Amino acid sequence: MYKRVLTIQDISCFGQCSSTVALPIVSACGIECAVLPSAVLSTHTGRFKGYTFRDLTDDLLPIRDHWVKEGIKFDAFYTGYLGSVRQVDIVREIMETTGNQGALRIVDPVLADAGKLYAGFDMNFVEAMKRLCAEADVLLPNISEASYLTGMEYTEEYDRPYITELCKRLCDLGTKSVIMTGIGFREGYTGIAVYENGELNHYEHKKVSMWCHGTGDIYASAFTGAKMRGKSTMKAVKIAADFTLKAIENTVDDAENHWYGVKFELAIPTLVKSFE
Ligand code: PXL
């Protein structure tokens with residue numbers, strides 16, 4: 001069946017993240033993708049200075065009202081970067097009122113990386129994000145976001161029991177399952193921790209030692225597309241991980257020039273083949 005997803009996150013006009021990666025990647029998976037922009041920025045906020053920021057909070061409910069009048073509904077929601085506390089609560093209301101029966105709620109709680117909140121976010125915003133996490137079917141945090149959301153100490157030296165506890169506490173917030181990216185338990189490898197029904201699974205793949213901006217958005221977009229295409233959670237986890245790894249590999253040789261994002265476009269043919 002042909003499925004329709006609504007992604008709610010910003011448009012960073014330049015920078016290969018958020019809506020500008022969700023739209024092509026979800027579409028490449030064969031899923032219709034509508035966008036609701038939370039804000040328009042000239043670039044993302046990572047390492048760029050002096051970017052413009054147009055908050056679209058006041059546009060969100062009028063857009064939703066028009067969709068309700070037109071009878072437009074969604075089979076899934078994928079939320080990412082949100083621009084204000086008020087916006088987080090509006091997004092909860094939009095999911096409540098525009099979803100088809102059983103619509104899947106995929107929440108990437110975009111807050112932080114490398115243990116630090118992104119520019120412009122504070123603990124009030126973290127508190128608001130917890131309310132959105134409570135309503136998620138699938139939560140896709142990195143370890144920094146998970147530590148802000150649970151209050152557990154951020155560490156780069158962790159083991160399986162620490163990750164299990166982190167996921168358990170995220171589920172205590174209300175989310176049904178957790179898919180945590182960037183989790184490796186041995187040298188040279190990274191992977192994805194998947195926590196469902198009280199059980200931790202891990203998909204491991206080799207680590208490319210390069211920090212890249214936007215890979216969380218690329219991962220979440222491919223996961224959303226694959227899951228909506230009918231793949232099991234573990235299969236979608238693997239498809240998204242292999243795609244993101246390929247996008248990073250395509251960028252490493254040009255990392256100095258291409259520091260603001262990864263060349264995911266060159267990996268799209270491989271992603272499409274996962275559905276043949
Ligand atoms: O990739 C997450 C993201 C999305 N949107 C904006 C951002 C970031 C991370 O920095 O700044 C505007």
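Two strands are said to pair if DSSP finds at least two bridges between them. Strands (E, at least two residues) and helices (H or I, at least four residues) are themselves DSSP runs, numbered from the N terminus. The structure shown above is a predicted model, in which local features need pLDDT of at least 70, side-chain atom pairs count only at pLDDT 80 or more, and totals for chains, interfaces and linings use all residues. Residues are numbered from 1 along each chain as its sequence is written, and side-chain values use heavy atoms, with hydrogens and water left out.

Nine strands form an open sheet with mixed pairing, in the order 3-2-1-4-5-8-9-10-11. Its edge strands, each pairing on one side only, are strand 3 (53–55) and strand 11. Strand 1 (residues 4–14) and strand 2 (residues 32–43) run parallel and are joined by nine bridges; here Gln-9 has Pro-37 of strand 2 as its bridge partner.

Strand 10 (residues 189–196) can be followed next. Strand 9 (residues 177–180) pairs with strand 10 in the antiparallel sense over four bridges, and Ser-177 stands opposite Glu-196 of strand 10. Strand 10 also pairs with strand 11 (residues 199–206), again in the antiparallel sense, over eight bridges, with Tyr-189 opposite Lys-206 of strand 11. Two residues lie between the strands in the hairpin of strand 10 and strand 11, where Asn-197 takes a positive phi near 50°. A residue counts as buried under 20% relative accessible area, exposed over 50% and partly exposed in between (1.4 Å probe, protein chains only). Because six of its eight residues are buried, strand 10 is largely enclosed by the rest of the structure.

A pocket is an open set of points on a 1 Å grid over the protein atoms alone, where a 1.4 Å probe fits, with protein on both sides within 12 Å along at least five of seven lines; lining residues have an atom within 4 Å of a point. The second largest pocket is lined by 17 residues, and Gly-46, Arg-47, Tyr-118, Trp-211 and His-213 lie nearest its centre.
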